[in-house]
Amino acid sequence: MRSLNSLRRAGVLAALALAIPSLALAQGSNRVLKMVPHADLKVTDAHFTTATITNDHAMMVYDTLYSWDSKLAAKPQMVGNHTLSADKLKYTFTLRPGLTFHDGSKVTTKDVIPSIKRWMVRDSAGQKLAEFTASVDMVDDNTFTWTLKEPYGLVLFTLASTAGSIPAIMPEAAAKTEAFTAHNNTIGSGPFKYNAAELVSGSKVVYDKFSGYVPRSEPADGLAGGKVVKVDRVEWTSMPDPAVAAAALGNAEVDMIEAINNDQKAILARNPAVQVEALSKLGWYGLLRPNHLHPPFNHPKARQALAMMIDQQEYMQAAFGGGESCFSFFTCGSPNGINLGAEPYMKPNYERAKQLLKEAGYNGEKIVLLGAGDLFHHNAVAQVTSENLKKIGINVELQMSDWGAVITRRGKKDHPYQGGYHIFQTFSDGVGGMSPLTNISVGTGCDGKNWFGWPCDEEAEKLRNQYLRATTEADQMKALEALHKRLWEVVPYVPLGKYERLSAWRKNLDGVLKTNVLALWNIEKK
């Protein structure tokens, strides 16, 4: 893998040799923001998937009832005010004035209520909120009530979540689409309008400033506050080759790259016109997700075998040129970042993995591993996993496609030989992974509505609920420790390590926000 990284660095150096020169090469209006996204946008339905690129799109086009500020506190966004009854069972929400969809129609509770109900079907934190919910009812066009079955202190925090799918408010017709059917309605009430006429599939996505958007009066703070748009147009241009993207940034052909490889950091930092920085405060982490519906990974010992084959440093070096080991299911560096129960898995043990597979009943059947060849870090981890599966005696078939195809396929429950899969890998931000509520990968409810891979363990879900209901720090920590031990027994996914996802932008951009999901309002191009 060292030779691969060396070749890649050489390619970057060559591409950037001509990129350092000058701002004089910059072309185009300072009212157009040009950004290289981390992936191509394939799915535009904000409720349908948890893909980061879809979440990026959702934050452009849609608005939410609440938003997390820079301290991850829930602040009102579309809501003007709310009250809570004395028994803490009934919220009354009133929308703020001036909310308008891109087609000119007014946003009302007829749009809000079905939007939230649809989102709660798909999102892990939303599903948990639904369990505590008795009803959500319209009072009038601007007011609705939310009645709980029992007090639940995480209502507003959940409505502000960007950890899974975005709780986007859509027009009523789109919101009433069956939750497991993706729609193509891109009309929102957010600060940008999706420009379908200028879409170039696989290459370019265009957004225009929505002149009818009325920002909140508070200053921007994380994803909260006023979403003031200071450019007329945003262009996302896909550049899968990181060296090409970095050269374009150096030549001022683009203004920003959402995610760069760590080994490009020093090279880009030499350009005095470029800023390199991490935007998400808790970093990012990788995970290997087995499909719990089909043998052999419907057996916990087979999933434990996967954990036994992992060297996290190998993965982080291959994908990002470095990173750190993290054996917590809840982001290392966060208050919940503990290792309890992880001790047997901190070093690879291939012989033990083989024995576990035998005990799980594996007998050499073909295992379908999904990989995304268009994204370097996804391609790298797929290659590492493929080799490690072979080391523990698994007959692996690595099926490569683009990331958009993986996003679609990972949601299929079909047999792995008939369009489904056994294993896929992905990456997620540490903000979402920090809590049993927001980490979409630890939901183990057995109704089949949880995140792709569909783990089922009633004991883990019971402990998760104990954490969410805890009213003291001591009770919360007790539940967290018991949950963490149980998760390492049932292994809903295998952590691959933690890394710092870096962004890069030209220094003539002011107002880049530190957020776990891309926010392109508040940016001024000078």
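## An enclosed helix

Let's start inside the fold of this predicted model. In helix α2, the buried residues are Thr 52, Ile 53, Thr 54, Asn 55, Asp 56, His 57, Ala 58, Met 59, Met 60 and Val 61. That makes 10 of the 10 residues of α2 (residues 52-61), so the helix is largely enclosed by the rest of the structure.

What do the buried residues of α2 pack against? Their partners are strands: β8 (192-194), β9 (204-209), β10 (233-237), β11 (256-260) and β13 (284-290).

Leu 279 sits in the loop that joins β12 (274-278) to β13.

Leaving aside residues up to four places away in sequence, Leu 279 touches Met 256, Arg 501, Ser 503, Trp 505, Val 512, Leu 513, Lys 514 and Thr 515. Take Leu 513 from that list: 234 residues separate Leu 279 from Leu 513 in sequence, yet their C-alpha atoms are 7.3 Å apart in space.

Next, have a look at helix α10 (residues 312-320) and helix α12 (residues 376-391). Their axes come within 8 Å of each other and cross at roughly 145°, and the crossing is right-handed. On the α10 side, the contact is made by Glu 314, Tyr 315, Ala 318, Ala 319 and Phe 320. The α12 side brings Phe 376, His 377, Ala 380, Val 381, Val 384, Thr 385 and Asn 388.

What kinds of residues meet in this contact of α10 with α12? Eight are nonpolar, three are polar and one is charged.

## The second largest pocket

Finally, the second largest pocket is worth a visit, with about 550 Å³ of space in it. Its lining consists of 24 residues, and those nearest the centre of the pocket are Leu 154, Asn 336, Ser 435, Tyr 467 and Gln 476. By type, the lining of this pocket holds 15 nonpolar, five polar and four charged residues.

Which helices each supply at least two residues of this lining? They are α14 (458-469) and α15 (473-490). The largest share of the lining, four residues, belongs to α15.

Conventions:
Residues numbered from 1 in each chain as written. Predicted model: local features only at pLDDT ≥ 70, side-chain atom pairs only at ≥ 80, totals over all residues. Heavy atoms only, no water. 1 Å grid on protein atoms, 1.4 Å probe; cavity = no way out; pocket = protein on both sides within 12 Å on 5 of 7 lines; lining within 4 Å. Points joined across faces, edges and corners; volume = space filled by probe spheres on them. Nonpolar A, V, L, I, M, F, W, Y, C, P; charged D, E, K, R; others polar. Buried < 20%, exposed > 50% of the residue type's maximum accessible area, 1.4 Å probe, protein only. Contact = heavy atoms within 4.5 Å. Axes fitted to C-alpha atoms, helices over the stretch in contact; angles between N-to-C directions. Left-handed = near helix turned anticlockwise from the far one by under 90°.
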